[in-house]
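Hello,

Here is the structure I promised to pass on. Have a look at it first, and my notes follow below.

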Amino acid sequence: MQFRISTGSRDQFVDVTANVREAVAASGVSDGVCHVFVPHTTAAVTINEGADPAVTRDILAGLDRSVPRDGGYAHAEGNSAAHIKASLLGSSETILVAGGKLVLGTWQAVYFCEFDGPRTRKLLVRVSED
Ligand code: ZN
């Protein structure tokens with residue numbers, strides 16, 4: 001299943017847990033594996049706390065401190081910080097499915113991570129039966 005994710009700022013986390021759950025339900029898979037993939041070089045997918053929005057703000061701020069926007073990079077497009085952040089977080093996540101449900105910890109949410117927005121992006125979800 002493919003979703004379009006619209007982002008509104010340069011760096012942004014979008015909670016896509018509901019999208020992933022929708023894909024699991026539509027798949028009809030009871031027990032298996034859910035793959036979430038982002039086909040972009042300046043965006044990522046990650047799993048982290050969904051309860052306190054300060055956590056994702058802190059992650060974005062921490063990434064900004066670790067990967068400054070003006071870092072004397074070679075890439076002429078000028079968005080190397082976005083490429084580096086995308087590689088640090090990665091382009092995919094794998095989540096187990098049990099009893100037709102996504103197996104996530106109580107505080108976990110799945111996030112689409114934008115690092116070069118605003119844009120409209122793709123999120124791909126595939127669910128496989130064991
Ligand atoms: Zn680039």
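Strand β7 (residues 108–114) is largely enclosed by the rest of the structure, because six of its seven residues are buried (buried means under 20% relative accessible area, exposed over 50%, partly exposed in between, with a 1.4 Å probe and protein chains only). Strands here are DSSP runs of E of at least two residues, numbered from the N terminus.

This is a predicted model, in which local features need pLDDT of at least 70 and side-chain atom pairs count only at pLDDT 80 or more, while totals for chains, interfaces and linings use all residues. Residues are numbered from 1 along each chain as its sequence is written, and side-chain values use heavy atoms, with hydrogens and water left out.

Back to β7: strand β4 (residues 43–49) pairs with β7 in the antiparallel sense over seven bridges, and Glu-49 stands opposite Gln-108. Strand β2 (residues 12–15) pairs with β7 over four bridges, also antiparallel, with Asp-15 bridging to Tyr-111. Pairing requires that DSSP finds at least two bridges between the strands.

Now the zinc ion. Its protein donors are His-75 (NE2), Glu-77 (OE), Asn-79 (OD1) and His-83 (NE2), 1.9 to 2.2 Å from the ion (donors are N, O and S atoms within 2.8 Å of the metal, or 3.2 Å for Na, K and Ca; water is not among the atoms, so sites may look incomplete). In sequence the donor residues are spaced H-x1-E-x1-N-x3-H. Asn-79 is buried at 8% relative accessible area, whereas His-75 is partly exposed at 36%.

Best wishes
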